[in-house]
Amino acid sequence: MAETITIDIATLYTATGTAKLTELPTYTAQAQKLAGNGNIVTLTGQGPIWLYLYISHALHGKVRTLRYDSPVTGDIVIYDHSPF
């Protein structure tokens, strides 16, 4: 059964305080580890749009459903590959 997991994008780069393009492989590995396989994942938190886009692409094919959530937009489904 799929788990529901929330990834706060800001936690991926808290060590440096600023997201850096040179650290994309590190951020991607962290997000993939947190997401697991076949789960329902929500991305949230403060972060640059390029990091959200990159992580979204990296999780495609790995997670069942990807969502985005913010106080402004609420919950938005980015993609859903659930057969149900």
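Modeller: Contact here means heavy atoms within 4.5 Å.

Colleague: Ok, and what kind of model is this?

Modeller: This is a predicted model, where local features need pLDDT of at least 70, side-chain atom pairs count only at pLDDT 80 or more, and totals for chains, interfaces and linings use all residues. Residues are numbered from 1 along each chain as its sequence is written, and side-chain values use heavy atoms, with hydrogens and water left out.

Colleague: What pLDDT does the protein chain average?

Modeller: The average is 94, and 100% of the residues score at least 70. pLDDT is the predictor's confidence in each residue, from 0 to 100.

Colleague: Why care about that score?

Modeller: Where pLDDT is low, the predicted coordinates should not be read in detail.

Colleague: Back up a bit. How many helices and strands are there?

Modeller: Two helices and four strands. Starting at the N terminus, the order is β-α-β-α-β-β. The radius of gyration is 12 Å, close to the 12 Å from the globule rule for 84 residues, so the chain is as compact as a globular protein of that length. That radius is taken over C-alpha atoms, and the rule is 2.2 Å times the number of residues to the power 0.38. As for the elements, helices (H or I, at least four residues) and strands (E, at least two) are DSSP runs, numbered from the N terminus.

Colleague: And what does the C-alpha trace span along its principal axes?

Modeller: About 40 × 30 × 15 Å.

Colleague: What share of the residues count as buried?

Modeller: 33% of the 84 residues. Buried means under 20% relative accessible area, exposed over 50%, and partly exposed in between (1.4 Å probe, protein chains only).

Colleague: What about charges: how many positive and negative side chains?

Modeller: There are 5 positive and 6 negative side chains, and the centres of the two sets lie 7 Å apart. Lys and Arg count as positive, Asp and Glu as negative, while His and the chain ends are not counted. Each charge is placed at NZ of Lys, CZ of Arg, CG of Asp or CD of Glu.

Colleague: Let's zoom in. Where is Thr28?

Modeller: Thr28 sits in helix α1 (residues 24-35). At 11% relative accessibility, Thr28 counts as buried. Leaving out residues up to four places away in sequence, Thr28 touches Tyr54, Ile55 and Ala58.

Colleague: And Asn39, buried or exposed?

Modeller: Asn39 is buried, with a relative accessible area of 7%. You'll find Asn39 in the loop between α1 and β2. Beyond four places in sequence, the residues Asn39 touches are Ala2, Glu3, Ile5, Val63, Arg64 and Thr65.

Colleague: Back to β4. Which residues does Tyr79 contact?

Modeller: Skipping neighbours within four places in sequence, Tyr79 is in contact with Ser56, Leu59, His60, Val63, Arg64, Thr65 and Leu66. Tyr79 lies in strand β4 and counts as buried at 11% relative accessibility.

Colleague: How far is Tyr79 from Thr26?

Modeller: They are 23 Å apart in space, C-alpha to C-alpha, and 53 residues apart in sequence.

Colleague: And Asp80, what does that touch?

Modeller: Arg64 and Thr65, again not counting residues up to four places away in sequence. Asp80 is in strand β4 too, and at 44% relative accessibility Asp80 counts as partly exposed.

Colleague: What's the story with Val77?

Modeller: Val77 is partly exposed, with a relative accessible area of 43%. Val77 belongs to strand β4 and, apart from residues up to four places away in sequence, touches Thr65, Leu66 and Arg67.

Colleague: Last one: what does Gly74 touch?

Modeller: With residues up to four places away in sequence set aside, Gly74 touches Tyr68 and Asp69. Gly74 lies in strand β4 and counts as partly exposed, at 24% relative accessibility.
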